[in-house]
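Please look over the structure shown below before reading the points that follow. They are set out for a reader new to such models.

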Amino acid sequence: VAVERALAAAAAHPFAAPPGHCPKCIAPRADGAVACPACGLSFSAAEGASFLPPDWLASRWKEVLRGWGNDVTHDRLRTEAVARDALVELGRLYRIRLADVPDDPYAKRAREQLLRQAAVPITFRADQNGGKSNTTKYVLVAAALAMLLAAVALLLRSVVAGMQ
């Protein structure tokens, strides 16, 4: 079912939010709601064109939809999205697929991998910007504790020697 629906989406407009969903974050939209409870978007101010992916992602996404059951195409697109800093846009596209087919195993797997991959660069970038890695911090703390213990041992030794 997921593959057939993805093929149909590739032939139609695959970037629009399904009816009843927020055009920005694809969260379910309550009847009569003026704003999205998930992202705060004011529906009256929303322009559908502002949520379109960049041209490169739009063309790659259509390719992925046409070969939906092929994990390799999903992995290649995710790798390119990381390189182009477009994980948010790609995540929105997978949310659209999940809104259309909630049990889509390909979209679920890809979304989980996107979330994992999105967390990795944040930690890596923090270390690159002058922060110490956890290993370095632990080594420095251990060295400081060892020096403190050595100083206490020397102090106790001199106090005991002075008492004799």
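**Notes on a predicted model**

1. Apart from neighbours within four places in sequence, Glu80 is in contact with Trp56 and Arg60 (contact means heavy atoms within 4.5 Å). Glu80 belongs to helix 3, helices being DSSP runs of H or I with at least four residues, numbered from the N terminus. Glu80 counts as buried because its relative accessible area is 18%; buried means under 20% with a 1.4 Å probe, protein chains only.

2. This is a predicted model, in which local features need pLDDT of at least 70 and side-chain atom pairs count only at pLDDT 80 or more, while totals for chains, interfaces and linings use all residues. Residues are numbered from 1 along each chain as its sequence is written, and side-chain values use heavy atoms, with hydrogens and water left out.

3. Helix 2 covers residues 55-66, which makes 12 residues. From first C-alpha to last, helix 2 reaches 17 Å, close to the 16 Å expected at 1.5 Å a residue (the expected span is 1.5 Å times one less than the number of residues).

4. Which residues of helix 2 are buried? They are Trp56, Leu57, Ala58, Trp61, Val64 and Leu65. Their cover includes helix 1 (2-11), helix 3 (71-83) and helix 4 (87-100).

How values were computed:
Helices (H or I, at least four residues) and strands (E, at least two) are DSSP runs, numbered from the N terminus. Buried means under 20% relative accessible area, exposed over 50%, partly exposed in between (1.4 Å probe, protein chains only).
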